[in-house]
Amino acid sequence: MEATGTDEVEKIKSKFMSAWHNMKYSWVLKTKTYFSRNSPVFLLGKCYHFKTDESGELSTDESNFDKINTEISGNVEEFRKDFISRIWLTYREEFPQIKGSALTTDCGWGCTLRTGQMLLAQGLMLHFLGRAWVWPDALDIDNSDSESWTAHTVKKLTASFEASLTAEREPKILSNHHQGTLKRNCDANEMRNEVYHRKIISWFGDSPLAAFGLHQLIEYGKKSGKIAGDWYGPAVVAHILRKAVEEARDPELQGVTVYVAQDCTVYSADVIDRQCSFMDSGKADTKAVIILVPVRLGGERTNMDYLEFVKGILSLEYCVGIIGGKPKQSYYFAGFQDDSLIYMDPHYCQSFVDVSIKDFPLESFHCPSPKKMSFKKMDPSCTIGFYCRTVQDFEKASEEITKMLKSSSKEKYPLFTFVKGHSREYDFASSPLHEENDLFSEDEKKRLKRISAEEFVLL
């Protein structure tokens, strides 16, 4: 959406588009998703099985599940709790105006930025909370079948949730409730986890000061020729996320870095250099790294030969998901069952939440219901993400993923590669982009211009 006319006209257009998209995507949380009881369900490295008491073996359907060292655990309730605990970032409306535009919503154009935020949020959750963490209040979120979860419904749901805290419930470790505010009699570790839970969400708030909020990401996007209202591809978003983490000034974030693969290649020495760089606090320590790999899973359409590899990737606990989706419609892929991918959908317009206030409501940042999509419907352009806490973790992950790439590749070349050593300097033919601030290097600007049209090397 390009700004034309007066600010008032743009505001009216913005409100109209918000209303239209809210109606258009009202089915996002209303529709039911069905899961087979006869096949395992994978969610970011964890395996769940919904089998009833009848006996029977897992249906592998010629996949390489037997090659994946995962533990089958949990049931439907545990899966729901795990899924709901992931951070869900969607379209929002009525947030502070985006600099350089009249936009106060990202409805209709910000979906890839939102899925990128979700992937980064999962990486930060692994870093600060660990994969085993689940939100204690996850199952208190109700997914109503009778009505869609509109922004108005969110407010009603929050009020209902707070009111319900004073009622009789199943036995839990709860302290007294005062004025509908939830207080848990928990140990120091649980209190710490809840602090980080809120802090991570606040970093993605829709305000100009939030480190990874929409406003900041758009500012970094300008350096690659993007403006608010443009559609962003998965590869461009990967570079924007790297720059956002690099520029973050919160002391808590100094122990995390992001590396983006170059032309489907991860240069191990470059990754380790990032991990071993000195932290701003003055400590000589290693940083955790989130590795983002922009790839194409085919030409015009997704190649089904890549299905088993994508399954394998989502079966790894250090996988932080995939920024992907359908053509011009981005989803955050976090798991799979059989040949269907499990995802969170950002295409739902919710009201702005001020994350700067104490005890801001958390409910709208957690999705009550997973969605499924056939792998063959997936757009071939995507970005895969991994998290490695230490250099040793990265070395182990690179070996494991390399084996997976080789075993799943029917072609001469794998989807992407890990190469020992540093990246070479490339002489790109394209000219650098004009930009206001020199935040990206010349090579980065050329590469961003090249991939903004989602052009990748197809090996």
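The model is predicted: local features need pLDDT of at least 70, side-chain atom pairs count only at pLDDT 80 or more, and totals for chains, interfaces and linings use all residues. Residues are numbered from 1 along each chain as its sequence is written, and side-chain values use heavy atoms, with hydrogens and water left out.

Start with the whole chain. The protein has eleven helices and 13 strands. Helices (H or I, at least four residues) and strands (E, at least two) are DSSP runs, numbered from the N terminus. Of the 459 residues, 53% are buried. Buried means under 20% relative accessible area, exposed means over 50%, and partly exposed lies in between (1.4 Å probe, protein chains only). The accessible surface comes to about 21,200 Å². Carbon and sulfur atoms hold 50% of that surface. These areas come from the Shrake-Rupley method with a 1.4 Å probe; for residues, only the protein chains shown count as cover. Now take the contacts between residues at least 6 apart in sequence: 75% of them join residues at least 24 apart. Contact here means heavy atoms within 4.5 Å.

Next, the interior. In soluble globular proteins, nonpolar side chains tend to be buried together. A nonpolar core is a set of buried Ala, Val, Leu, Ile, Met, Phe, Trp, Tyr and Cys residues joined through side-chain atoms within 4.5 Å. The largest one here has 70 residues. Those with the most contacts inside it are Trp109, Leu124, Ile200, Trp203, Phe204 and Phe212. Helix α3 (residues 111-128) gives this core its largest share, nine residues. Apart from this core lies another, of 43 residues, including Tyr259, Cys319, Leu341 and Met373.

What does Trp109 touch, leaving out residues up to four places away in sequence? Its partners include Tyr91, Ile98 and Leu103. Leu214, Ile218, Trp231 and Tyr232 are also among them.

Helix α3 has 18 residues, and 18 of 18 are buried. From first C-alpha to last, α3 reaches 25 Å, close to the 26 Å expected at 1.5 Å a residue. The expected span is 1.5 Å times one less than the number of residues. Gly130 follows α3, and its phi is positive, near 90 degrees.

Helix α7 (residues 234-247) has 14 residues, which should span 20 Å at 1.5 Å a residue; its end C-alpha atoms are 20 Å apart, which agrees. Twelve of the 14 residues are buried. Arg242 and Lys243 are among those buried residues. His239 also lies in α7. At 4% relative accessibility, His239 counts as buried. Ala261 is 22 residues from His239 in sequence, and their C-alpha atoms are 9.6 Å apart.

Now the rings. A pair of aromatic rings is described by the distance of the centres and the angle of the planes. The structure holds 18 aromatic pairs. Rings of Phe, Tyr and Trp (its six-membered ring) pair if their centres lie within 6.5 Å; planes under 30 degrees apart count as stacked, over 60 as edge-to-face and the rest as tilted. Phe35 and Phe50 are edge-to-face, at 6.0 Å centre to centre and 85 degrees between the planes. Phe35 sits in the loop between α1 (7-24) and β1 (41-43), and Phe50 in the loop between β2 (46-48) and α2 (76-85). Phe35 is partly exposed at 22% relative accessibility, whereas Phe50 is buried at 7%.

Phe394 and Phe418 form a tilted pair, 6.3 Å centre to centre with 55 degrees between the planes. Phe394 lies in helix α10 (residues 391-408) and Phe418 in strand β13 (residues 417-419), so the pair ties together parts 24 residues apart in sequence. Phe394 is buried, with a relative accessible area of 1%; Phe418 is buried too, with 17%.

Arg92 lies over the face of Phe365, at 4.6 Å from the ring centre. A charge sits over a ring if NZ of Lys or CZ of Arg is within 6 Å of the ring centre and within 35 degrees of the ring normal.

Finish at Met378, in the loop between β11 (371-374) and β12 (381-388). Is Met378 buried or exposed? At 2% relative accessibility, Met378 counts as buried. Leu297 is 81 residues away along the chain, with its C-alpha 9.0 Å from that of Met378. Leaving out residues up to four places away in sequence, Met378 touches Leu297, Thr302, Ile322, Gly325, Phe333, Leu341 and Met373.
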